[in-house]
Amino acid sequence: MRKAGILLHPTSLPGREGIGTLGIEAFKFIDFLKKSKQKLWQIFPLGPTGYGDSPYQCFSAFAGNPYLIDLETLVKEGYLENEDLNVYFGDNKESIEYGLIYTNKLPILRKAFTKFDIENNEFLNFNVENNYWLDNYSLFAALKTYFNGESWSNWPKELKNREEESIKEYKVKLIDEINYQKFLQYIFFKQWKSIKNYANQNGIEIIGDIPIFVSMDSADAWSNPEIFLFDKERNPVKVAGVPPDYFSATGQLWGNPLFDWAKLKETGYKWWIDRVKANLSLYDVIRIDHFRGFESYWAINYGETTAINGKWEKGPGIDLFNEIKKSLGDINIIAEDLGILTDEVVELKESAGFPGMKILQFAFDQDPENEYLPHNFENNTVVYTGTHDNDTTNSWYFKLTDAEKGEVRDYLNVSDDSYIVYSMIRLALRSVADTAIIPMQDYLNLGEFARINTPGLASGNWQWRLNEWALNDDLAANIAHLTEIYGRN
């Protein structure tokens, strides 16, 4: 079945709280998707973010981001008063000021917790159902608060190494903070469940992201050290990244700890199966970021300052996905297969049967056999004009040389620059790819200011938000028209 969807993270929704939330604007966006004849809503990971605010560097692979909790919903539920929301979240409604969210929103959530009954049966059931990750995460988050945000690698040795007596001591000492962290997760998942149910009731599936790696400063790395390549002091031996490529001449040094795939295999890949299962409760379709890393991943010695001097090492291959399928059955997975692809990576994707991704911004290099040109697509593909790591299509085009612009116009069969973005969207939608996903910024024909992420840039990312008037009926009608004429409704 041919489908179409829109890429927009909930943080980019409009609203009064300084950041998009799981409140009324999320429901309105689902209404907009339905009017636009869309079947898919793609988002980024929903985990709690830390330094840099990247959803791809979260404190947990299982927990939700408290920043997304909708305060107005808490007012309706009696945990807050309207006047509690009269705080300053910044003057620019089209950009997130994360410092203000941290300073001004979190105290409001703490106030809501003071009215919450921790003996609530629904809350107690939530704790039991999620204890396989929630207990470790809530203790981790409580300890981070206690140690003023310090990474767990800088905690006292007995806590860094999770010595039993010390863990018992702090579970008692920090019980109120632990319960607060569990409360945040309970509220987050309750609100997200309402969003997902509403989307599904309106015929819309949600595509969510699983980054292949976890953050070094995460509950996952702290509480499961045996599945990572750590030395005896629980410091990483090697870290993740990618070699020099389209995005960076020195590669990307991500710094994530690498998995000990041999150890994971001994457990039947239990941690990974738990992770996928947890994500299946959040999403209808899972996009696995950096899929090529399951065949071979770029390993960089800990302490290197760039990614240049890494080397390729073998991943788990099809064995992991066979075990996931054996445990969870057939699930909908999209393989983010961008970057340096080898025959082995292509073979892994094909063996798993997952659709790969094609990015139209990568298509124009004067090579008619370029795999990103639509005439070279196969059906089992998800096509994008660009992704979260690309510039907006408008900005991308106007940064090209005259010769490159000419190639784009020639392929699109347009005579001037006026309808480039519109024509690129049409190109994606009319392609043979089973699925087409368009970033919201491209449907709005926005420039560089709306770029959500620039790889390798330490600050200024993940801040863009929709103008509150952007999602109007005329835009929905235009998107619906394009969706219908190319058979994706």
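**Notebook: salt bridges**

I began with D330, which has 67% relative accessibility and counts as exposed. The cut-off for exposed is over 50%, so D330 falls in that class. I note here that the model is predicted.

I then looked up the partner of D330. D330 forms a salt bridge with K325, with the closest N and O atoms 3.4 Å apart.

I turned to D84. Its salt-bridge partner is K111, and I read 2.7 Å between the closest N and O atoms. I located D84 in the loop between α2 (71–76) and α3 (98–113), and K111 in helix α3. The two residues are 27 apart, and the pair links distant parts of the chain.

I looked up how accessible each partner is. D84 has 12% relative accessibility and counts as buried. K111, at 42%, counts as partly exposed.

I went on to E205. The side chain of E205 meets that of K3 in a salt bridge, at 2.8 Å from N to O. E205 lies in strand β3 (residues 205–211) and K3 lies in strand β1 (residues 3–7), so this pair ties together parts that are 202 residues apart in sequence. I also noted the accessibility of E205: at 24% relative accessibility, E205 counts as partly exposed.

Last, I took the total.

Terms used: Residues are numbered from 1 along each chain as its sequence is written. This is a predicted model: local features need pLDDT of at least 70, side-chain atom pairs count only at pLDDT 80 or more; totals for chains, interfaces and linings use all residues. Side-chain values use heavy atoms; hydrogens and water are left out. A salt bridge is a side-chain nitrogen of Lys or Arg within 4 Å of a carboxyl oxygen of Asp or Glu. Helices (H or I, at least four residues) and strands (E, at least two) are DSSP runs, numbered from the N terminus. Buried means under 20% relative accessible area, exposed over 50%, partly exposed in between (1.4 Å probe, protein chains only).
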